[in-house]
Every structure is written in C-alpha cells, then in structure tokens.
Amino acid sequence: MKNEDLQNIINGLAENLEFTTEESEFLNVLVPKEQLHAVCNQLKSNPDLKFDYAFCITGMDWGKELGVIYHLNSTEFKHEIVVKVKTEDRENPTLDSVHDIWLTAEFHELEIYDFFGIRFNNHPKLRRLFLTPDWEGYPLRKDYVDEANMIIK
Amino acid sequence: MTDQEVKNKIKTEEYFVNMGPQHPAAHGVLRLLLTIDGEIVKNVEPDLGYIHRSIEKMCERDSYQQIVHLTDRMDYLSSNINNEAVCLAVEKALEIEVSDRVKVIRTIISELTRIASHCLWWGVMGMDLGALTTYFYAFRDREMVNDIFEETCGARLTMNYNAPGGLMYDIHPNFVKRTKDFIKHFKTKIPEYDRLLTGNIIFQKRTKGVGVLTKEDAISYGVTGPVGRGSGFSCDVRKHHTYSAYDRVDFKEALLTEGDTFARYQVRIMELWESISIIEQLIDNIPEGSVKEPTKAVIKLPKGEFYQRVETARGELGVYINSTGTKNPYRVKFRSPGFSNLSVLNHIAKGSKIADLVATMASFDFVIPDIDR
Amino acid sequence: MNFLTMNIPLNITSTIHDWIYSIMPETAASITIMVLIAVAYLALFAVAGLYLVLLERKVAAWFQLRLGPNRVGPWGLFQTIADALKLVSKELTSNDRIDKFLYNLAPYFVIVSTLIGISVFPFSKQFQAFDINIGLFFLIAVSSIGVIGILVGGWASNNKFALIGAMRSGLQTISYELSVGLSILTMVLLTGTLQLSQIVEVQRTGGWLILQGHIPAIIAFCIFMIAGTAETNRAPFDLVEAESELGAGFHTEYSGMKFAYFFLAEFINMFIIASIAVVLFFGGWLSPFGITDGITWFPEVFWFLIKVLVIIFLMMWFRWTFPRLRVDQLLTLEWKYLLPLNLANLMLMAVIIWMNWTI
C-alpha cells in the first residue's frame, strides 16, 4: 500500500498524529504517548494494515526527549511504517508497553529500560537485562558520564 | 489409584538450576536460569550481558569506517555479512553506486561465510546431542573456507574486507580456483553429513516434534533466519529486500512448516545446497570493474535515518543509523537476529525436558556476542 | 613331529601351585596363592584399564581423522602411564558439605564389583581364578552391585547435577540388567550349564554358540550388545555423564585417584561385557576351526584377547558415531521394545532346542 493511503487510514485512528517522510525511507508517524497502545493495537488488527512483524524496536535520546522507535512490517501486504513516541520527562520516563501486541517487544523493552531508563507500564517483569542489577545510570543517554569506563576522543 | 491421585500424594518441588555461563556445550557465555520439576523444564530465564561491549555506544564516538570494524565482533561467524550491512547502509545514505564487481565479490564472500557458519553449526549440533565425531568433520571443511579467506581477506575469523564504497583490496588471483575446488570437495561432503546425522534414527527421534514453534508465534516474536523459515515464516531478506548481487542469481528460499528442531535442521542443510548453487552461478563470471568507489576521507552522512537489512547465517540483521550530519553517527542500533530468537526460547521450552532444551538451543544456533553486542 | 599334537609342558598354574605347596604348610600356601592371584588380577585390572583408555583415544582419533596421542613413547604407548602418574598426583578436592563417609566409600563399590567380575572369566583352560558352577549367575549378580557406587557417589556429592546424573544412571542400569539377563538366559538354554568353563567345552565340541543357535542366538547377541552398552553407561546411552548437558554427571565432584577409579571401572566394565559376549557367543578361548587347539595356554589367551578386542572396538565404534538417547526414549526402548523381543526370542530358542533344530 502506498504511503498516502497508509497515512489516510492511520490518520483516522487517532488525533494529533504527525506524519513525515523527510529524512527517512519509510513513512514516519509520531504518536502522542497516551494513545500509543491504542494506535498500535489498531495497526496490528486493522484488516487493511495488519502490521504483525515489528522488526526493529529502538530506544532513542533526542537530546531533550527520550523515546522509542518502532519499525513495523506487514508480512501480508509487505508495507512498512515507522512509529515514534516521545516523552519529555527525563527523570521518570514512562511509556506503555506493547508486548501484548508484538511479543518480541518484551525483550526489546527490557533492553531499552536497561540503557535509557524508560519504564514500561504493564510489562510482566521489568529488570536490567545486560547490566548488573546494581548499576547506576543509563548508559546510552547522551548525558551519561562515566570517567572510568568511557573513553572520549 | 488414578494418575491424579498419585500426583496429589507425591509431593514434588521445583528447583533452580543454572546452566551457567561456563558450560561445556554453551554457545558462548549465556546464563540460563532454569526452573525444573524433575526432568521437566518449567521456566527459562536468560541472563545476558557477560559479553556486552557497548558496541552501540562506541559507534557514537567512531567514524563510519571504524564502525565496520566493530561489527564483525558481533556475530563473529557471519562477520563478512555484518560488515556488508554497515557498508550498504552508508552507501545508501551517500547514494554511492558500487560497481558490479564489488557486488558479485561481496555476494560470493557472504555465501562462503554462510557455508562456514553452517558447517560449524552442524558440528556443534551433533556434539550437543552426543555424536562427538561430527565436530571434527565439520571443522575439516571449515578450515578450507578459512584458508581461502586468509589468502584473500587477510584474516580467518574477523575479516574486515568490506569498506564503505567497496572492498579494501582486490581478490587474490588464486581465489576463483580455490573456491571452485572447495565447492567440488564440499558437494561430496554434504551427503556424508546426511548419512552421519540426518538419517540416523536416534537423531531423528531426538529432534522430531521437539521445540515446536508456530508461524504466528514466529512472526510475533520476530524470529527470522532458519528458525523462522523452519516454521513457515518466509523472511529471507535476500528475496524480500534484495541487496548486492542476489537479484541476478537464481535460488530457492528454504521453507518448511513443521516448526520443530528437525525442520530447522533441514532448513540449514537446504541452505547449504542453495549457497553452493549461488556461488557456482557467480564464480565464473566476476565482472571487471573498480573495487572501491572514491569516498571522502572523512565520511559525513546527510541528516536523516537510514535502515539496511541483510541476511546473516542466523537471520535478519538490521542496521539503523540516525545521523545529524556530523562525522559520527548520532545513534546506531543493530537489530540482532539472536536477540529476537532468544526471546522465544522460554515460550517453546516450557514443558519439555532438559535434553530437549539442549537440542532446541542447538538448532537455534545462538552466538552470544550477537545477542549481547 | 606333528605340531598340533605336541603338548608343550608349560602348565604354569599347576607348576606354581605344586611348588608353593611344597615349600609352605597348607594354610599358608593357600593364602599365598590367593594373594598371588589377587595381585595378578589387580595388575591385569590396572594395565588393561589403562591400555583400554589409550585404545579408546586412538580409535576415536582414527574415526575423527586425526592422530591421537603419539608423542609419549612410540605410538603413544606410554601415554597412559603419564596419565596415571598425573591422576595419582592430583589434589583430592572436595567441598566441605559432602557426606564424607559415603563420598569416600562410593568409588570402592564400583571397583570391588568389577574386580570380582573379572575373576570368573576363563582366559584359557588353565587361567581361571574362580570356576564355580553358577558362574554366569554370580557374574550378573556381582555386576549389579556397581550401581550402588554410582548412586552413593551422586548423593554424597551434595551437588544437584551429580544427583540428577546418579538418578538417571540408577534407573538405566536397573532397566537394562533385565535385558542382559534374559539374553544370557537364552544362550544358557543351549548350553545347559551356568559354569563358564563348561560353556566353552560345549562350544569346542559343537561349534561356537552363535552358530549353534543361529537365529535366536543372533538376536540374543544384538540385544546383549545394546543392553551391555547401556549397562556400562557408554554412548549412545551416556546421558549419565552427558557433558553437553550437565557438567560431568555423577562424578563432577570427584578428582584425582577417586575419579580414576570411576573412570577405570567404566572401561573394565566394558571389558567384562565383551568377555561375556565372547564366552557365550564366540567360543571363549577356542580358536576358529580349531587350528591351534591343544597347544597349551599361549594361543588360547591370544584368541580370547583378540575376540574381546574386536567386541570392544565395536562398542567404541558405537560411541563415536551415534548421538545420545534421551532418558525417556531410553526407557521406552528397554521396556517396550527390548523386553518383549527378548521374551519372544527366549521362547523361540526353547522351541528350537525342543525340536532339535540346532546346528
């Protein structure tokens, strides 16, 4: 399905969605964080969209905001889309978990929590995956400072 | 007494067992916390991070040529394919069109890497299940591939032959002849592998019906590679999002529907045959051309996001580069196939026995540096 | 002189026996003889065990397209001496939560049962330490004691992996003893006697038992090989010590000499199973077609050892080729397939003997 048709259908699912195709080869949708779960549910179950394969779930620190980027693909229609969600809160960022929609998100959200500190609501067991449980700080954030372990050029 | 009455009278307890980071059969440093009731596995919780080297954080500090050198430490058995992923992403962003010669050589080397990786997988799978001789037979053939790589690329395991814009240097004059000799030798070996392991009734009983993964679960968990294809999920990146010279060769995608360990095993054997066929189609007609397009010494990608996916021996590797126009990337994310494959292990290992867990893990072909990055 | 009828007077056992009795009073002489026989068997145990290890390594190397140990001595012949020295000089580590008495007792169970086991075999007409009239029965009974050593060792190690390994081994040995016993019983129907030297005599006059019994004997041999391999915890039934699954099974916590005991006992058990097979099916110390019968003890021992080595090679071949069975598949094999087959075979043998259809 073409990007314009996708945009039309998805626009009808919720308000305040921002679409863009600049600087990316996919159609990007910026979803407000309160509507993330509802929109994702629609993206998977809507018979014209059917995005059932989340092939890349990335945590991101845009400098001021933290967020998650979902790359989605439909195995049936073969179209792809990128869903972004941001949160301004850097002290205690929380987002909705989508692990009940795409089961792969369970592990990816653990990784994002480990490296960015974003907590996910309704996640079955949020814990640090790679780093030791007593590690302080979230390494992949841009303001992470660690003189012992990081070598800055 | 009925079965249920017997169960109620006999009290059993679950206990925790560590299939620890040091393990004779572990495929790397993976710690699995198993909850076992007798011989039945109730829960599998992986504990990762023993070989986490923060590659993604290092990429934010390095230049684009240096990132290539970090990638072949991730999944070291498909190191050439990992390098190719980053190089293709950078070339896509800079809109460089590499010559046909580069594409064909990259494809041949990727397929040789895939053959070497599957050889090692086959040896280790036999060894995990108790047939200790398979390891030696597999390494004998893998040595030949390693020798070819050593002559052309300069290294046996972490090749670094690809560079953004093409290859580091041209292939060695002996490359074509040695590859053809290897293909001729290897074609007589795969039937030997079949006689030794595939047709063995003990092996089939250990792997058929074990560790079944349905197609819906495979798609939802994002399981790709031979594991996904063994369950019927058609996910071969070489077919769906073609890159390099895969559009000019004719090969089949190995796809089976049973979803058990034996199906995953057969998919990889079929992939061995397909790789041989791809190399045969390309090895005789490597076109002439330049092996490196000129790029600036300091590569700066335009502002934007770029995604490139390739098919490694384990599945779909995705490279996501977010660039703000400077000489270092702003964020690099590697979508590793092993990470998604590991997430499904708990789901399919519940209710099976410890021996089945070992067989399932062998068929998944984990390389832990790929999962930990 | 006709070489075949010449009886070279080299009766070693009777010579030594008479000499000792002539120089000491009777009780001291009999004790001395018993001690001598015990020392001879211990030496045999040690040497055979060590050289079987070397043979296994060489055979494994041959299957795996490599050379095996060949540095220590010509063809690596002194390798096992080096290994034995290493094992003797190792530190006996153990953790402090083991059950000390049982932990130290366990290896001795396996060793004593195997040593008693090898004492009943007829290596030649003269060389048999213990020729009792219930020889086979005694042999099976004694080899069942070995499993206690494994269970005790696994429990006393205070280690979950060791316990799992020991439990698996216990149930495996108990199940497969049935098949071993029944296949032996099938052949005893032919011989009519349990005494080992008599069994060899029956084969001297009538031909090897595997030929006398034809079909049921061949089936009994196959079942005996499978069950025998399972009795000794060798591949493909070696899930007890499945290295890829659980560390090292029941002997995880043992090191040094105690580990050497378990290790050697496994190889001697293999020797025992092969010897039973040779005595029951392939004529013991008799030569094929009777070519060297009657020439004292030297060719007889030679034929016995050659036949045993062939069967041991077969067992090693199994180990390096087949993958491992899962524990429930192992039990299914025994209880659902081998046991009914064995019983049917036994009845078939009985029918064949009754109808006088033996060769």
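Predicted model: local features only at pLDDT ≥ 70, side-chain atom pairs only at ≥ 80, totals over all residues.
Chains A and C, by contrast, do not touch, and their nearest C-alpha atoms are 24 Å apart. A:R127 and A:E109 are separated by 18 residues in sequence, and their C-alpha atoms are 9.7 Å apart in space.

Over all chains, the structure holds 49 salt bridges. One of them is formed by B:R373 and A:E111, whose closest N and O atoms are 3.0 Å apart. Because B:R373 lies in the segment after α16 (368-372) of chain B while A:E111 belongs to helix α3 (residues 105-116) of chain A, this pair joins two chains. B:R373 has a relative accessible area of 3% and is therefore buried, and A:E111, at 4% relative accessibility, also counts as buried.

B:R373 also forms a salt bridge with B:E56, and here the closest N and O atoms are 2.8 Å apart. This second pair links distant parts of chain B, since B:E56 sits in helix α2 (residues 55-59) and B:R373 in the segment after α16, 317 residues apart. At 5% relative accessibility, B:E56 counts as buried. These contacts belong to a network of salt bridges in which A:E111, B:E56, B:R331, B:K333 and B:R373 are linked. Elsewhere in chain B, the side chains of B:K42 and B:D37 meet in a salt bridge with an N to O distance of 3.8 Å, and B:K42 is partly exposed, with a relative accessible area of 33%.

Chain C is divided into domain 1 (13-89) and domain 2 (99-354). The C-alpha centres of these two domains lie 20 Å apart, and 20 residues of domain 1 are in contact with 27 residues of domain 2.

Within chain C, helix α3 (79-88) has the buried residues C:Q79, C:T80, C:D83 and C:L87. They cover an arc of only 90° around the axis, and therefore lie on the same side of α3(C). The buried residues of α3(C) pack against α2 and α12 (256-281) of chain C, whereas C:L85 and C:V88 are exposed on the other side of the helix. C:L85 also takes part in a nonpolar surface patch of about 630 Å², which is made together with C:V72, C:W75, C:L77, C:F78 and C:I81. Of these, C:L77 lies in the loop between α2 (26-63) and α3 of chain C and counts as partly exposed, because its relative accessibility is 35%.

Helix α5 (residues 135-143) of chain C has C:G135, C:L136, C:L139 and C:V142 as its buried residues. Seen down the axis of α5(C), these residues fall within an arc of 130°, so they line one face of the helix. An α-helix has 3.6 residues a turn, so residues three or four places apart point the same way. The buried residues of α5(C) pack against α4 (100-118), α6 (146-156), α7 (160-191), α8 (196-206) and α12 of chain C.

Key:
Residues numbered from 1 in each chain as written. Chains lettered and ligands numbered in written order. Heavy atoms only, no water. Contact = heavy atoms within 4.5 Å. Patch = residues over 30% accessible without salt bridge, like charges linked within 9 Å, V, L, I, M, F, W, Y side chains within 5 Å. Areas by Shrake-Rupley, 256 points an atom, 1.4 Å probe, with all protein chains shown as cover. Salt bridge = Lys/Arg side-chain N within 4 Å of Asp/Glu carboxyl O. Helix = DSSP H or I, 4+ residues; strand = E, 2+ residues; numbered from the N terminus. Buried < 20%, exposed > 50% of the residue type's maximum accessible area, 1.4 Å probe, protein only. Arc of directions from axis to C-beta. Domains from an automatic or database assignment.
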